[in-house]
Amino acid sequence: MSQFRVKYFKQWLLLMIFSLVAIMPVSAQVKLEIVKASSNAYPIALVDQATNSQPFLTVISNDLQRSGRFIPKTGLAVPQQLTSVAQADSGIWRAAGINFIVIMTQKGNMLQVDVGDTFSRTVRASRQFQYVNDEKGERLVAHKVADFIYETILGVPGSFSSKVAYVSRNNNRNFSLVVADADGAYPQVILESPEPILSPTWSPDGRKIAYASFEKKRNQIVVQDLYSGQRHVVISEPGINSAPTWSPDGTKLAFTLSKDGSPEIYRANIDGSDLRRLTNHPGIDTEPAWGRDGMIYFTSDRGGSPQIYKMSENGGPAVRVSNTGNYNANASLSADGKQLAMMQRLPGQGFGIAVMDLTTGEVKRLTNGGKDEAPSFSGNSHMILYSDGRGGLKIISTDGNVEQRFYGIGADVRKPSWSPNVR
């Protein structure tokens with residue numbers, strides 16, 4: 001049996017190896033640590049006009065700094081304390097090398113945010129944010145403000161107010177499906193099971209998660225609504241039921257079934273109806289990823305070694321996509337449809353995360369941890385969350401310039417999935 005087949009059947013038919021860890025208390029504590037910072041970040045001044053807006057300032061500053069695109073300046077590091085962008089002395093700001101300023105003014109449960117250019121002394125964009133007056137409400141609006149700043153200056157929406165999901169295990173040896181803020185704060189266990197939970201993946205509207213479950217010793221694919229808590233089984237056929245992925249419109253799922261022999265790619269409506277087989281090959285076809293281009297990307301060993309292929313969402317001939325490295329799997333597509341991330345093995349380097357430009361075919365290796373796997377793009381396509389294969393999660397920018405450690409609940413977390421940006 002090939003290495004891929006051994007790895008695959010261990011992954012889906014045996015209990016995954018998790019260390020025995022204790023679930024930590026749910027809190028707002030930020031669980032990201034910058035490992036490598038970018039040298040190409042923009043200095044940006046953050047000015048708050050009331051001392052009670054300081055909690056917003058802290059969260060916004062942390063978000064922008066962790067993005068790797070900005071170097072936030074606050075307090076005494078700001079060359080002028082302004083009440084409006086028009087008051088900026090361009091010479092002073094030019095000498096400080098700071099071209100952007102954000103002025104925040106709090107009025108009751110509303111935060112006024114002006115993003116300006118200190119050289120031209122003009123406001124680029126202005127918005128008011130209302131929020132619930134408690135810690136969680138304040139943190140949520142702070143993330144939304146950071147998203148607004150990011151988009152105003154870079155032209156791409158931020159992903160600070162998005163969510164992440166991952167699988168952990170508690171001291172009762174139960175598997176837990178956890179959803180947390182994008183900075184790791186407020187982790188919530190939405191499902192706990194004595195049997196494995198695998199491959200969580202977000203619906204396009206960010207309201208549901210599909211995953212593979214082994215509850216009651218039966219492998220099945222489940223969809224869970226995060227707001228109501230309601231769950232339903234999509235499919236539960238004999239053999240392997242694994243690796244669900246959502247269609248771009250959120251009405252269908254593609255997944256892997258082995259009910260007819262070898263693992264193949266199937267698709268169905270999210271209620272399990274209209275089940276269709278999409279591949280038909282004696283090799284292993286698994287890990288589908290549904291693209292906005294009407295194609296489904298998947299892992300197959302049909303050419304001898306595991307590689308990424310693509311086919312029409314309706315099935316048909318498959319075309320090999322990956323050509324660099326002797327092992328490529330775990331395809332993940334960026335929201336903008338321009339990039340594909342994958343787990344890649346290169347001779348002498350082990351497994352790392354690589355990104356392919358789907359237009360040019362150019363591949364860039366981002367990590368070389370030896371066991372890195374399960375990449376998942378942020379909603380703005382600028383960052384990738386992945387497992388280091390040793391029980392930890394990390395985040396790296398798609399240009400490789402910024403790297404962070406993401407601390408989930410417990411000491412051993414796996415199978416990360418970053419939610420889409422939802423407004």
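Colleague: Let's start with Val47. Which residue is its bridge partner in β4?
Modeller: This is a predicted model, by the way. Strand β2, residues 42-48, is joined to β4 by five bridges, and the two run parallel. In β4, the residue bridged to Val47 is Ile103.

Colleague: And on the β5 side, which residue is the bridge partner of Ile103?
Modeller: β4 is also joined to strand β5, residues 110-117, by eight bridges, and that pair runs antiparallel. Within β5, Ile103 has as its bridge partner Asp114.

Colleague: Why is β4 described as largely enclosed by the rest of the structure?
Modeller: Strand β4 covers residues 100-107. Buried here means under 20% relative accessible area. β4 is largely enclosed because the buried residues in it number six of the eight.

Colleague: Moving on to β18, β19, β20 and β21: which strands stand at the edges?
Modeller: These four strands form an open sheet in the order β18-β19-β20-β21, with antiparallel pairing. Each edge strand has a single partner strand, so one side of each is left without a neighbour in the sheet. The edges are β18 (285-290) and β21 (319-320).

Colleague: Which residue in β19 is the bridge partner of Thr286?
Modeller: β18 pairs with strand β19, residues 295-300, in the antiparallel sense over four bridges. The bridge partner of Thr286 in β19 is Thr299.

Colleague: How about Leu198: buried or exposed?
Modeller: You'll find Leu198 in strand β10, residues 197-202. Its relative accessible area is 1%, and the cut-off for buried is under 20%. So Leu198 counts as buried.

Colleague: What separation is there between the C-alpha atoms of Leu198 and Lys415?
Modeller: Along the chain, Leu198 and Lys415 are 217 residues apart.

Colleague: Where does the side chain of Ser203 reach, and at what distance?
Modeller: Ser203 belongs to the loop between β10 and β11 (208-213). It is buried, at 2% relative accessibility. Its side chain reaches the backbone nitrogen of Arg207 at 3.4 Å.

Note on methods:
Residues numbered from 1 in each chain as written. Predicted model: local features only at pLDDT ≥ 70, side-chain atom pairs only at ≥ 80, totals over all residues. Heavy atoms only, no water. Buried < 20%, exposed > 50% of the residue type's maximum accessible area, 1.4 Å probe, protein only. Polar contact = N/O pair within 3.5 Å; in protein donor to acceptor, adjacent residues only side chain to side chain. Pairing = 2+ DSSP bridges.
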